[in-house]
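Dear colleague,

Please find the structure below, handed over for your reference.

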Amino acid sequence: MLRAAEPVSTRSARHNGADHDTAVYVIPSHPTDTPPTPPPSLPDTAAITITHGPGVTAPIEIPLGAGTTLIGRHQDCDVVLTDITVSRRHAEIRRTGPTFSVADLGSLNGTYVNRTPIDEVPLADGDVVLIGAFRLTFRSRVAEP
């Protein structure tokens with residue numbers, strides 16, 4: 001069963017002069033019994049799927065938009081992972097054209113891609129990103145130019 005984290009708030013963010021809606025996703029410390037409804041799959045998109053971590057009982061898919069997705073423990077992050085092993089502002093996933101990369105933001109426990117510690121690396125479909133006690137799988141449906 002694949003479920004998506006429910007957005008807890010939306011805010012308008014400016015990116016390259018255009019307004020975009022940004023959803024903030026929170027992974028709860030204690031899961032609920034009611035699974036949220038996953039958003040429809042869109043062409044030319046990418047997502048991270050949280051497959052393991054505190055409070056994760058089923059895979060949680062979070063779509064990635066244009067620009068940067070901030071991941072951390074702080075409530076202002078785009079993806080909030082509520083566990084002490086995650087820094088307040090732990091890592092960013094950055095989109096540049098059709099490519100994505102992940103960068104560690106000086107976190108205490110580091111960020112790993114395919115079990116290798118990283119500062120910043122490009123992401124490929126199927127890469128596994130470790131952030132604290134959480135395992136995220138990157139999936140890309142972005143067509144190459």
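**Salt bridges in the predicted model**

Arg139 and Asp125 join through their side chains in a salt bridge, at 3.9 Å from N to O; the term denotes a side-chain nitrogen of Lys or Arg within 4 Å of a carboxyl oxygen of Asp or Glu. Arg139 belongs to strand S14 (residues 134-140) and Asp125 to the loop between S12 and strand S13 (128-131), so this pair ties together parts 14 residues apart in sequence. Strands are DSSP runs (E, at least two residues), numbered from the N terminus. Arg139, with a relative accessible area of 38%, is partly exposed, and Asp125 is partly exposed at 48%. Here buried means under 20% relative accessible area, exposed over 50%, and partly exposed in between (1.4 Å probe, protein chains only).

The model is predicted: local features need pLDDT of at least 70, side-chain atom pairs count only at pLDDT 80 or more, and totals for chains, interfaces and linings use all residues. Residues are numbered from 1 along each chain as its sequence is written, and side-chain values use heavy atoms, with hydrogens and water left out.

By the above rule, the count is three salt bridges. Glu92, Arg94 and Glu120 are linked in a network of them. Since Arg94 lies in strand S8 (residues 91-96) and Glu120 in strand S12 (residues 120-123), the latter pair ties together parts 26 residues apart in sequence. Glu92 is buried at 18% relative accessibility, whereas Arg94 is partly exposed at 24% and Glu120 is partly exposed at 44%.

With kind regards

Technical notes:
Helix = DSSP H or I, 4+ residues; strand = E, 2+ residues; numbered from the N terminus.
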